[in-house]
Amino acid sequence: MAGLYFNRPMPHGGKLVERVITDRTIAKKYLAACTKYCAFYDIKPTLHYKRGVPVRNVYREIMSVCYGFFSPVEGSMTSAELESVLSKRRLLSGWVFPYPILFDISREDYKKLGVSEGDRLILRLKGKPFAMLDIEEIYEIDPEELANRTFGSPETNPEVVREKFDDKHPGWVIYRSHQPIILAGKYTIINEPIFKPPFDRFWLPPRKCREVMEKRGWRTAIAHQTRNVPHVGHEHLMKNAAYTGDVEPCHGILVNAIIGVKRRGDYPDEAILEAHEAVNKYGYIKPERHMVTFTLWDMRYGNPLESLLHGIIRQNMGCTHHMFGRDHAAVGEYYDSYATQILWLKGIPSYGFDKPVNEVEGGLLIRPQNMREFWYCPVCKEMAYSENCNHTKEKEKLSGSLIRGLVAEGVQPPVVIMRPEVFKVVVKWWKKFNYPFVNERYVQRKEEELEVDLPDLD
């Protein structure tokens with residue numbers, strides 16, 4: 001087992017999925033061959049089934065599949081694959097995977113397309129050819145059943161689920177808002193998108209990420225999952241996990257932000273990336289040991305299930321370890337606060353894991369670094385790790401709501417809570433979007449613009 005600490009783990013499933021045609025001459029030939037014989041479909045956002053606002057764009061899943069973030073998944077799941085994931089949290093090949101990955105369309109669009117199994121569908125993004133879907137199967141789902149089975153319930157998953165999932169849970173809403181017709185098959189990107197600033201600075205797909213780690217000499221790399229700008233507690237969490245935890249010495253920290261539609265009150269994606277960059281840019285962590293990247297994914301807020309996907313993504317990117325804290329990737333009170341750590345330390349039998357997920361067949365090789373919390377101690381007048389400070393009664397938890405409340409009023413949080421350079425990044429994007437946090441206006445704008453542009457392919 002010790003060898004895993006100093007050897008980059010193989011990608012989940014044994015090899016990286018890479019389904020991107022980078023030679024434009026070849027891509028043009030594919031497109032020319034398809035012009036007469038293939039159907040074309042313009043990718044549409046998934047809209048909230050009640051409110052009509054964007055909650056997902058499948059283009060992000062296609063990108064993450066084709067660049068290998070979700071290896072070994074290669075496309076939209078067949079009905080048998082979907083059932084295997086929902087019932088066992090495993091692909092048909094036996095490899096662990098937590099979520100349905102589906103290309104869904106409405107019945108009306110299906111009738112208009114007139115496609116059948118064996119056909120090739122050209123997917124357009126922003127009106128331009130983007131990817132191919134080779135259709136293996138067409139089937140129908142019940143979106144509400146899909147949402148319920150994806151996350152479980154207090155009855156079916158009593159070890160960790162505390163409340164029934166509903167409209168207040170963003171991930172449940174995403175699956176509930178799926179259209180009923182599923183086109184299953186492999187994706188291939190034929191027109192590589194060009195990322196807009198600031199996303200272009202942080203785009204590092206798995207193969208490239210592994211190469212950078214090798215160049216830097218990172219034999220051990222610990223992943224930090226984020227959907228937020230960093231406060232000082234996050235910074236201390238990274239340092240403690242990487243430099244004083246079980247992974248010693250840790251050569252580098254990979255910050256991997258989730259970029260896509262988020263819940264109201266989260267920070268804009270652009271601010272998240274540049275704020276984490278500020279942590280190394282201004283010397284709070286050495287740039288040589290800290291790298292900021294992102295994954296395209298409309299977050300499901302699935303706590304232990306989300307941690308499985310995070311582990312898969314970061315293992316594919318080359319990380320040896322992953323830090324998991326309290327309420328990992330959670331929203332509300334749906335899960336036990338330490339559900340993710342329970343999964344990685346003991347397993348959760350009702351989700352199909354009677355042992356930790358890196359001890360089961362088809363499981364992950366990345367290792368967990370389970371963390372407690374950082375607090376502000378007014379007696380010590382500094383940040384304190386929850387197990388290392390004796391002033392239990394005086395401890396003050398770093399409340400995200402409190403920090404957001406200060407930011408919303410234009411008040412710079414104290415330096416013991418947020419670095420001034422991080423606050424400046426928040427203000428920069430506040431001026432751009434006229435509000436410091438995600439709201440429906442930002443989500444609508446993001447859907448109209450997306451993170452990418454596509455070059456002409458004709």
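The protein chain exposes about 18700 Å², of which carbon and sulfur atoms supply 49%. The model is predicted, and 60% of its 458 residues count as buried. The chain contains 14 helices and 18 strands. Its radius of gyration is 22 Å, close to the 23 Å that the globule rule gives for 458 residues, so the chain is as compact as a globular protein of that length.

**Overall dimensions and contacts**
- The C-alpha trace spans about 75 × 50 × 45 Å along its principal axes.
- Of the contacts between residues at least 6 apart in sequence, 76% join residues at least 24 apart.

**Charge**
- There are 64 positive and 60 negative side chains, and the centres of these two sets lie 4 Å apart.

**Annotated domain**
- An unreviewed UniProt entry lists residues 10–191 as "domain: ATP-sulfurylase PUA-like".
- Over residues 10–191 the chain is 31% helix and 24% strand, with 28 Å between the end C-alpha atoms.

**Cis peptide bonds**
- The bond from Ser71 to Pro72 is cis, with omega near 10°; Pro72 lies in the loop between α2 (58–66) and β4 (75–76).
- The bond from Pro197 to Pro198 is also cis, with omega near 0°, and Pro198 is in the loop between β9 (194–195) and α7 (206–216).

- Ala329, which is not a glycine, has a positive phi of about 50°. This residue is in the loop between β13 (321–324) and α11 (339–345), and Ala329 counts as buried because its relative accessibility is 7%, under the 20% limit.
- Asn434 has a positive phi near 70° and is located in the loop between α13 (420–433) and α14 (440–449). With 59% relative accessibility, Asn434 counts as exposed.

Methods
Residues are numbered from 1 along each chain as its sequence is written. This is a predicted model: local features need pLDDT of at least 70, side-chain atom pairs count only at pLDDT 80 or more; totals for chains, interfaces and linings use all residues. Side-chain values use heavy atoms; hydrogens and water are left out. Helices (H or I, at least four residues) and strands (E, at least two) are DSSP runs, numbered from the N terminus. The radius of gyration is taken over C-alpha atoms; the globule rule is 2.2 Å times the number of residues to the power 0.38. Buried means under 20% relative accessible area, exposed over 50%, partly exposed in between (1.4 Å probe, protein chains only). Contact means heavy atoms within 4.5 Å. Accessible areas come from the Shrake-Rupley method with a 1.4 Å probe; for residues, only the protein chains shown count as cover. Lys and Arg count as positive and Asp and Glu as negative; His and the chain ends are not counted. The place of a charge is taken as NZ of Lys, CZ of Arg, CG of Asp or CD of Glu. UniProt positions are given in the numbering used here, feature names are shortened, and annotations may be inferred rather than shown by experiment.
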